[in-house]
Protein chains: 2
Amino acid sequence: MAIKYLTQRAAQAIDVELMSPTGGGFSFEQLVELAGLSVAQAITKEYSKETHPRVAVFSGPGNNGLDGLVAARHLSHFGYQPKVYYPKRPDKPTNQGLMRQCTELDIPFVDSPESGLHDTDLVVDAIFGFSFSGEVRQPFVSAIEAFKNTTIPIVSVDIPSAWDVEQGNVRGEGFQPSMLVSLTAPKQGAKDFKGKHHYLGGRFISRKMEEKWGLNLPRFPGTDQCVNLNA
Amino acid sequence: MAIKYLTQRAAQAIDVELMSPTGGGFSFEQLVELAGLSVAQAITKEYSKETHPRVAVFSGPGNNGLDGLVAARHLSHFGYQPKVYYPKRPDKPTNQGLMRQCTELDIPFVDSPESGLHDTDLVVDAIFGFSFSGEVRQPFVSAIEAFKNTTIPIVSVDIPSAWDVEQGNVRGEGFQPSMLVSLTAPKQGAKDFKGKHHYLGGRFISRKMEEKWGLNLPRFPGTDQCVNLNA
């Protein structure tokens with residue numbers, strides 16, 4: 001059985017169920033931590049700190065952006081040199097905390113997409129996730145334009161930003177990342193992904209939930225928090 | 001330079017600093033998640049799911065017990081068959097959530113130390129941590145007596161339970177675990193540990209904090225959240 005590609009609605013329902021006190025029982029911060037860790041770990045499998053030490057994380061205003069901040073922290077612990085572009089920062093304790101964790105590690109916050117892409121070996125696209133719909137606004141229009149024009153490999157978190165979560169790369173107008181790390185389960189739009197490396201991250205789904213939603217998840221190897229979907 | 005062994009007071013101060021909005025910036029739940037994950041991962045390095053599939057986690061009423069619940073969940077995802085003895089359950093959202101996460105994975109909660117040790121290949125001692133002082137009360141007196149009398153290997157989280165955090169195994173009256181997973185940095189009492197395997201878990205200390213406290217931490221390999229201190 002092939003792994004299931006989720007509708008936006010199913011992805012949202014699974015997220016709610018994971019955090020329900022009578023469902024998965026997770027806190028939001030636990031899921032963000034495990035998701036971000038899985039992204040960082042997946043990156044190490046394909047882009048080593050020797051060949052791609054300088055990583056620019058582009059974080060959007062929502063939860064996808066928080067996954068990016070967590071990934072930046074773990075990448076720093078793993079020996080990479082991350083920097084973060086995080087132009088829209090909701091005034092919430094989780095954001096503040098995750099930013100502080102980066103600052104404590106001397107991870108710089110840069111103030112434009114250009115600074116993000118300058119002297120950089122790898123980009124993490126954590127701008128929009130599975131909740132995205134509607135129109136992209138500045139400064140993310142510029143960031144996504146820059147993604148279209150760069151030759152630096154891009155790792156997208158959950159779904160390439162500004163793609164339609166279900167319809168994917170509509171009219172081929174989006175950028176193609178080199179790597180995609182789907183979280184929990186791939187979204188339908190991920191079928192348009194043509195890059196080299198497709199991973200699944202987020203090792204926190206119970207067998208019950210997997211069966212209920214018919215996810216057909218692959219086995220994660222060892223203690224890894226991610227699994228290669230191309231393998 | 002050798003790794004530093006912390007006083008109880010230093011361990012508490014580092015914990016406060018890790019969670020300070022002007023220090024590490026971490027939330028309590030993030031640290032519990034990463035600590036518990038590191039314990040589960042360290043266990044896989046020494047006790048495989050093939051040789052030691054049935055793991056009994058003994059969780060105390062405080063934070064050490066929560067690390068145990070997180071470890072039980074990750075061990076389940078890693079393919080072990082954990083069960084949990086958790087007799088004192090403070091009525092707090094974190095406890096409730098972590099218990100629910102175990103229940104969602106069909107991890108059973110047992111109601112006595114005897115059931116914990118019955119048909120079990122490995123014990124995780126997450127009863128008391130670095131905040132412990134004073135006297136042990138029931139039902140933990142019985143649990144710790146059972147630890148003294150069993151031949152099942154025991155993995156202690158941070159400090160063997162009922163040991164003095166600084167004075168260690170006073171008068172040799174405590175049990176000796178086979179493995180110790182120190183968190184953040186070893187506590188002074190850990191010098192009395194005579195078991196085979198000593199690991200350090202918790203990969204979240206900044207270089208700044210490491211230098212400030214003179215911790216001399218070893219390097220964590222790859223993406224591991226734990227490191228073998230015997231190696």
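Begin by selecting Asp106(B), which counts as exposed because its relative accessibility is 56%, where exposed means over 50% relative accessible area, buried under 20% and partly exposed in between, with a 1.4 Å probe and protein chains only. This is a predicted model, in which local features need pLDDT of at least 70, side-chain atom pairs count only at pLDDT 80 or more, and totals for chains, interfaces and linings use all residues. Residues are numbered from 1 along each chain as its sequence is written, chains are lettered from A and ligands numbered from 1 in the order in which they are written, and side-chain values use heavy atoms, leaving out hydrogens and water.

Asp106(B) lies in the loop between helix H4 (93-104) and strand E3 (109-110) of chain B; helices (H or I, at least four residues) and strands (E, at least two) are DSSP runs numbered from the N terminus. The phi of Asp106(B) is positive, near 65°, while most residues other than glycine have a negative phi.

Next, select Thr184(B), which also has a positive phi, about 70°, and sits in the loop between strand E6 (179-183) and strand E7 (197-201) of chain B. Is Thr184(B) buried or exposed? Thr184(B) counts as buried, because its relative accessibility is 12%.

Finally, go to Pro139(B), in the loop between strand E4 (122-126) and helix H6 (140-149) of chain B, where the peptide bond from Gln138(B) to Pro139(B) is cis, with omega near 5°. In chain A, the peptide bond from Gln138(A) to Pro139(A) is cis, with omega near 0°.
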